[in-house]
Amino acid sequence: MNALLSLEGIEKSFPGVHALKQCRLELMPGEVHALIGENGAGKSTLMKIATGVYSKDAGRIVYKGEEIELPNTRAARDRGISMIHQELNLLPHLTIAQNIYLGREPKKIGFLVDDQEMNMRVSRQFEQMNLKLDPRMLVSELSVAKQQMVEIAKALSFQSEVLIMDEPTAALTETEIQDLFRIIAQLKQQGVGIIYISHRMEELQQISDRITVMRDGAYVDTVPGRNMDVDHIIRMMVGRELYETESLAPVSPDSETVLEVKGLTRGRELQDIHFSVKKGEILGFAGLMGAGRTEVARAIFGADPVDRGEIIIRGKKARIKHPHDAVRLGIGYLSEDRKRFGVLTDMDVASNIAIASYKRYRNLAGWMKEAHINRTAEHFVQSLSIKTPGVGQKVKFLSGGNQQKVVIGKWLTRDCDVLIFDEPTRGIDVGAKSEIYKLLETLAAAGKSIIMISSELPEILRMSHRIMVMCEGRITGELSAEEATQETIMKYATMRSRVM
């Protein structure tokens with residue numbers, strides 16, 4: 001059988017960065033081919049070349065046995081090569097059908113859109129995918145998982161034979177992931193080739209036929225997906241031994257209580273939330289999607305108003321009505337959506353690290369002390385092992401893991417006593433995860449109080465001194481590290497509150 005798509009000897013350079021070096025990948029019809037590597041390994045760059053976003057400097061793209069050039073995304077899409085990005089690109093104010101056929105709507109006489117025909121086409125496609133969705137629904141009414149399915153339907157409406165999926169399960173529940181895998185199995189039967197980018201090893205074991213590993217912009221190896229040796233693949237990805245934590249250093253019962261929350265309530269989102277965090281403690285927050293964990297973090301940080309409740313810092317009641325109040329009181333928040341709320345992607349590394357402490361870097365005339373900012377940024381680039389050509393590099397050109405480290409550097413510059421990490425390793429590879437874990441331990445050992453929200457139970461169990469479990473806006477369980485297991489966490493995470 002001939003390959004559906006082959007990338008051979010691909011080279012790509014940007015100013016100061018040799019991004020891809022002799023990269024290759026082969027995709028067969030009806031194959032799920034996983035592409036993995038640390039953030040910054042070159043996966044996204046290689047896929048952007050395969051979809052016409054970037055032009056290659058050297059190498060060959062062979063599609064169905066023919067060498068082709070892809071000057072733009074339209075050329076790739078016309079050939080049948082489509083990509084579903086981690087950040088979905090749907091317009092929420094339009095219907096499902098309008099999104100799928102945007103810019104190529106079927107017409108009646110003249111310029112009138114034939115909505116009936118458009119809706120019928122989408123309905124037929126949904127029937128083939130076994131999707132129960134009304135094409136007339138607004139995208140804004142859909143869950144993330146349903147939007148993901150719409151993106152797949154949109155790609156297939158172009159008669160795509162190559163489908164590239166970038167971290168498709170990052171925001172999905174376990175049930176939604178299984179629905180996605182069912183669709184993938186159907187596409188395989190139809191001969192569609194799928195390139196699947198993910199950091200979740202258990203998923204790759206379940207669905208991938210082959211796995212290609214990249215490291216530092218170069219091809220490492222391609223191995224079978226079934227019965228994969230996870231440890232071997234991780235070693236190929238990182239090229240080094242990973243940091244493995246032992247049990248966390250215990251927190252003394254006599255340690256100071258830095259943050260205490262009493263009766264925090266906001267409609268039905270948060271109901272009577274009580275907890276405390278000691279100096280040097282990592283307090284994990286577990287629960288299913290929609291349990292209210294992020295809402296707790298945003299309320300403490302002053303990003304969302306509350307109906308009632310108290311926040312007490314070092315024994316004194318705090319008045320937090322705005323994030324400025326929280327920052328002034330020594331609270332830093334690393335949002336789960338770092339691109340919207342964590343970093344300013346069009347600004348450089350130095351500016352992002354200094355932005356929460358900008359007053360410190362102004363002289364008497366009001367001018368910014370650029371040299372001082374750069375020295376501080378260079379210190380954190382080194383101490384946090386941020387991979388960047390320099391502190392003047394724009395953050396949008398950094399990998400997800402390195403963007404996360406820039407956010408951490410921002411709050412360390414501010415010298416916050418309480419750090420709230422919301423999904424700190426979402427979309428981050430195993431190597432960067434290991435570094436983030438080590439950093440969290442170092443911060444706790446230095447006396448920082450840490451609240452860590454995570455949907456990954458192994459991460460919560462590995463990194464928490466204590467665990468608060470939430471369900472439907474309530475805290476349903478508090479577990480010590482010794483008594484916590486995945487089973488006990490899930491028991492409390494599904495302990496639905498009584499209907500009042």
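Predicted model: local features only at pLDDT ≥ 70, side-chain atom pairs only at ≥ 80, totals over all residues.
1. Six strands form an open sheet with mixed pairing, in the order β16-β17-β18-β13-β19-β20. The edge positions are taken by β16 (331-334) and β20 (474-480). Each of these two has a single partner strand, so one side of each is left without a neighbour in the sheet. On average, neighbouring strands are turned by 20° against each other, with direction ignored.

2. Pairing around β18. In the sheet order, β18 stands between β17 and β13. Its pairing with β17 is parallel and consists of 5 bridges. Strand β13 (residues 282-287) also pairs with β18 (residues 449-453) in the parallel sense, over 4 bridges.

3. Burial of β18. How many of the residues of β18 are buried? The count is 5 of the 5 residues, so the strand is largely enclosed by the rest of the structure. In a regular strand the side chains alternate between the two faces of the sheet. In β18, Ser 449, Ile 451 and Ile 453 point one way. Ile 450 and Met 452 point the other way, and the residues of both sets are all buried.

4. Helix α14 on the sheet. Helix α14 (residues 400-414) lies across β16 and β17 (418-422). Its direction is at about 170° to that of β16.

5. Helix α14 against helix α15. Helix α15 (residues 430-445) packs with α14 at an angle of about 15°, and the two axes are 10 Å apart. That angle makes α14 roughly parallel to α15, because angles under 35 degrees count as such. The crossing of the two helices is left-handed.

6. Residues between the two helices. Which residues of α14 meet α15? They are Gly 401, Gln 404, Lys 405, Ile 408 and Leu 412.

7. Two positive phi values. Asp 216 has a positive phi of about 55° and sits in the loop between β9 (210-215) and β10 (218-224). Glu 423 has a phi near 50°, also positive, and belongs to the loop between β17 and α15. Are these residues buried or exposed? Asp 216 is partly exposed, with a relative accessible area of 47%. Glu 423 counts as buried, because its relative accessibility of 6% falls under the 20% cut-off.

8. Thr 45. This residue is in helix α1 (residues 43-50). Thr 45 has a relative accessible area of 15% and is therefore buried, the cut-off being under 20%. What does Thr 45 touch, not counting residues up to four places away in sequence? The residues touched are Lys 12, Phe 14, Ala 19, Leu 20 and Tyr 54.

Methods:
Residues numbered from 1 in each chain as written. Heavy atoms only, no water. Pairing = 2+ DSSP bridges. Axes fitted to C-alpha atoms, helices over the stretch in contact; angles between N-to-C directions. Contact = heavy atoms within 4.5 Å. Parallel < 35°, antiparallel > 145°, perpendicular 65-115°, else oblique. Left-handed = near helix turned anticlockwise from the far one by under 90°. Buried < 20%, exposed > 50% of the residue type's maximum accessible area, 1.4 Å probe, protein only.
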